[in-house]
Amino acid sequence: MIRVVLTGNLRRLVGGAREIEIEAGTIGQLFRALGARYPGIGPHLEQGVAVAIDGEIFQDALLEPIPPGAEVHLMPQIGGG
Amino acid sequence: MNDMRYEAPDTVDGAVALLAGASGEARLLAGGTDLLVQLRAEMIAPALVVDLKRIPELQSIAAEDGGFRVGAAVSGAELGEHPGVKALWPGVVEATELIGSTQIQGRASLGGNLCNASPAADSVPAMIAAGAIARVAGSGGTREVAVEEIATGPGQTSLAKDEIVVSILLPARPPGSSDAYLRFIPRTEMDIAVVGAGVSLTLDAGGVCSAARVSLGAVAARALLVPEAAEALIGSKLDAAALARLDAAASAACRPIDDKRGTKEYRIQVAGVLARRAALIAAERAGRN
Amino acid sequence: MASDKEFKWIGTRPPRPDGVDKVTGRAKFGADLYVPGMLIGKVLRSPHPHAVIKSIDTAKAEALPGVKAVLTRADFEDRESELVPAGEMMVNYRDIVRNVMAREKALYEGHAVAAVAAISNAIAKKALRLIEVDYEPLPHVIDAVAAMQPGAPILHEDLITDGVDPVPTEPSNVAKRVEFALGDVEAGFAAADVVIEREFDTQPVHQAYIEPHACVASVAEDGQAELWVTTQGHYVVRAHCARLLGMDISKIRVTASEIGGGFGGKTVVYLEPVALGLSRKAGRPVKMVMTRDEVFRASGPTSGAHMKIKIGATKDGKITAGEAELIYQAGAFPGSPVQPGAMCAFAPYDLENVKAVGWDVVTNRSKVAAYRAPGAPISEYAVECVIDELAKRLGIDPIDLRLTNAAKEGTRAAYGPKFGPIGLVESLEQAKAHPHYQAALGPNQGRGVASGFWFNIGGETCASLIVNEDGTTVLTVGTPDIGGSRASLCMMAAEELGIDVDQVRPIIADTASLGYTFLTGGSRTTFSSGMAAIDAARDVVQQLCERAAKIWEIPADAVEWEDGYARPAGANAGNFEPMSLAEIAAMAGKTGGPIVGHAQINAQGAGPSFGTHLVDVEVDRETGRVTVLRYTVLQDAGKAIHPSYVEGQFQGGAVQGIGWALNEEYIYGADGKLENAGFLDYRIPVASDVPMIDTVIVEVPNPRHPYGVRGIGETPIIPPMAAIANAIENALGIRFSELPMSPPKVLKAIGEMAAAAE
Amino acid sequence: MAKNHVTTTINGDAVEFLCEPEDTLLDVLRDELHLTGSKEGCSSGDCGACSVLLDGRLVCACLVLGVELTGHEVETIEAMAHGEVLHPLQSKFIEHAALQCGVCTPGILVAAKALLDKNPDPSETEVRYWLAGNLCRCTGYDKIVRAVLDAAADMRGS
């Protein structure tokens, strides 16, 4: 079980919850699990969501393992100039 | 594209004849630092461009009756390298050297700056303060015109279609005389003047101002000669009260517009400040002469 | 830790490999390519800020001798609304196709409406004048706040605000609302002894790279296309062009020219799809180069903004809550950087209660593009001004106030996650200890300080490292070198291989020669391409050890690589003369073939970079001129690979920020037309405007990079605007809340203060 | 369109070319002669990227007409190094990392050379004002000014 904290507009897509508990071993599994629980969030996850696992930000890394008990943040992807 | 004809006559008469015979719009090329920008931006599409740089009289600086006659196409860089003109009219030289970058200095000329008739032209207030006289040649012969009479409004001059400015006379002046030009721009270089102020004055042995001319740029449709500002200095030792009167007179003379380079109120206020500062520099220089 | 190691090359200052090309005029930039039979392409642009395009008649232009192709909206297939990442923001192809060539409406002055290719520039220009466009002008809106008002002219009849509940039923100019929040700001303000709330305005500023956009496109009859272009990311250009023109990606080979500056502005497409379209029609190569006027009117600046900032703190300077409302104008299409702006606003501080709300608003201006830390300089400017006012109100030194609240390892960022090791505290402590901070000030002089934060990114990156038969090497990467990255990448490869840096020749691959590599942006190049170069070099080292093992007939794991030589690992591995890279390379053909290392990664773990700037200014009370007297940048680089180019990024970013603070702005007339589309009146700093820019490289290593590297290119543009505003306040006692702080504004404020004093 | 025939000297070589009357020296250098070291940044004399020497005088090539060149001499960045030997300014720009993207570099080098030819011992302020017509957006000018001052010192020494 991992703790998922949502920031920004994603929160609206999970009924306003700031935190949710969910079962997932990788970022890809997390996205699938979230999509299954909250149908509205699916497209947004594909449209550039970054995932911070215990503070470290991952972008486009579906295979990245998520250790059990990790704190995971979903946030918009970052780019730059 | 229209067919633009380029001519480079080597005499004044040749240039005048080309202008007189021109059908359609004709433009003069001195330094070209305004003309080429207008061409590239397609603001103008002249049928004829007359390059004046091959005419000796427009390219030379000569001493004349204690003053200097400066060819209309002499570049700012050349003028700045002339020790005589620099000593006699440092304000005119510093104003000319403020026209654009080092690169622009290699081309830009007094005649071009005068005839482009921009209200913000840097050398013009300095020349007006100096009482410079332009020699104008045309089919009807040659006439001498005070520089303040050349520009009539933005981009407009009093010159006839077949007339060119050949040279500018910077006159002789008594001991105890000098001049200065200051402009305000947002950066330290590369901008068009938001306000310009030229002051020429003469101090007597006692340090009292016996003669003065004050001119302002970028505060009206053309550079202004401001006699009331000069009056404020004449008879004074440029004490605080006199400078305050100068400041007020200069500001009072402004009839500026709001534009991307500055507001009316800003131009009015800073015109007084620059006139005051320029007067002090001119006086300090005059004290050394 | 990597940075404790003794390095041979890392941290030194060798000459850049492309130095001679660039000081001799040899280097070929976007406009420098000439190919046989090349046509010149030009774009017809809308004179109206907002108008329906009723019809476009190109018959006369097409009939003009010398005209080989004409392109309009009819030549571009419409695209679905589809978001994909590009630069710092998601892009929507429905909008890109419309920005490249206007469809239903012209949405800003300078919006492309048609293009021609002709045998000469003169004929192309003449052809543009022969194209007849029937416009129905519409009311326009330039200011973002005005665009939000009821009754404002609507740019997109189908634009429904995203991110608000309930979902609006009517279209508006508000594309999106974003919010980031932690804790309870109301409770935080209630717990404060002091609460300061201020409003700020900034104007759009342009990246103002000296090289205009330029490209040469050539499409053959079989659809094979070549594109030469000045860009920060030629793989991204390829992706956009393939999508917009309906071409297979494999059919488009993009070569990145040398690039004359980008700063984020060369991460999107403008001319490229048009040039390809014209070439496809004409069957000849087409060169397109923007004029400077077009660059200002039609390529993206960054947003202007209106902001409200509220910060509360206790008497002893602990911030109890921070709140920001940010309105960013996006230009003609959605996608301002308000989201990163909202995420960054309070990022330098350890806050329990924080809330940032952002609004993305469309207006009749050119679409904004990424600009150095997109969005962050705007919101952090406003916050850093309020922090300074707070310090003054509380009588606390502004650096001490920042230290009291500074984010550090373990701090939860306002946008959610906790920071790893970061260097804000170090930059502040070194700023406080710097002689600059102690130096005496004269009359009308003031000193300002401000800090800044940017995330930095990694991303998809490839590199290959070829070992030549004489032992020299070629390092191939896919990130255009915009400021000396060839040097730092070769240094990292040389460090791994243990050879001289001049034995590594860098090549920027075209898109057909190396795998997909994301653009040079997000301060990712030294970090990501560096990581790939190191991986490729380690791949080479492993192969070198295996070859040595084969030659010595011992197990591969009995060979180790040290300082450019394969050596038996320990006595029991056997007694062999170490073999140099060159010796092994010479035998490569006979021992199994060439040796080439590869890396293809999606670099993760880019460490954020924090910086603190100190500035002294002098104000002329009679003209309002602000002169920057002294400037010091202190920033965390993690580990500086080539310190000269790190300093260069610090200095360049600071001076861009000085321009933003004092003079740069987009000036529009009441007619909705840009009035200063040139370097004469869009005033970037010139050499005589600025002093030397002192730099201090702080090094708090990024644990996720083999050498501890952090990106550093973007953070330096964040602090200057607030630092200078704070310095002016220190000099005059006047707090400016509008950028730029140009002489007329400064003089007016001085006058009002004097009047108030009477 | 009536093209003009021009005979001139560029980088010491006698050169002939045809150009339209409105073609600038920069158009001629780049489009006719393919001397692309001079860059087009603005075509209005505001950026200095096309700086060249005309009869030894520093000018913007975008503000000179090609047809004016008859009988004049032009020197561009391409003539700054002699064979394999870089001009001291070129070497110092590399040594000091005085360039990032490098697009303004040729113009700045030509302008700096014109300065040192005229004034072998300029102050920092003189360098900054002389180069005010050469925009650089990357470096913040610091390393450029240091490189010019260092090159000047070397050239005085040698």
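In this predicted model, the C-alpha centres of domain 1 of chain B and domain 3 of chain B lie 35 Å apart. These two belong to a division of chain B into three domains, whose bounds are listed below.

| Domain of chain B | Residues |
|---|---|
| domain 1 | 5-51 |
| domain 2 | 56-170 |
| domain 3 | 177-288 |

A second topic is the meeting of chains C and D, where 44 residues of chain C are in contact with 44 residues of chain D. On the side of chain C that touches chain D, helix H1 (19-24) and helix H18 (643-662) of chain C each supply at least two residues, and H18(C), with eight residues, gives the largest share of that side. Sorted by class, the side of chain C that touches chain D has 23 nonpolar, 15 polar and six charged residues.

Two packed helices are described by the angle between their axes and the distance between the axes. For helix H7 (residues 234-245) of chain C and helix H8 (residues 272-282) of chain C, the angle is about 50° and the axes are 9 Å apart. Because an angle between 35 and 65 degrees counts as oblique, H7(C) and H8(C) are described as oblique to each other, and their crossing is right-handed.

Which residues of H7(C) and H8(C) meet? From H7(C) come Val237(C), His240(C), Cys241(C), Leu244(C) and Leu245(C), while H8(C) brings Glu272(C), Pro273(C), Leu276(C) and Gly277(C). By class, this contact of H7(C) with H8(C) has six nonpolar, two polar and one charged residues.

Methods. Residues numbered from 1 in each chain as written. Chains lettered and ligands numbered in written order. Predicted model: local features only at pLDDT ≥ 70, side-chain atom pairs only at ≥ 80, totals over all residues. Domains from an automatic or database assignment. Contact = placed C-beta atoms within 7 Å. Helix = DSSP H or I, 4+ residues; strand = E, 2+ residues; numbered from the N terminus. Nonpolar A, V, L, I, M, F, W, Y, C, P; charged D, E, K, R; others polar. Axes fitted to C-alpha atoms, helices over the stretch in contact; angles between N-to-C directions. Parallel < 35°, antiparallel > 145°, perpendicular 65-115°, else oblique. Left-handed = near helix turned anticlockwise from the far one by under 90°.
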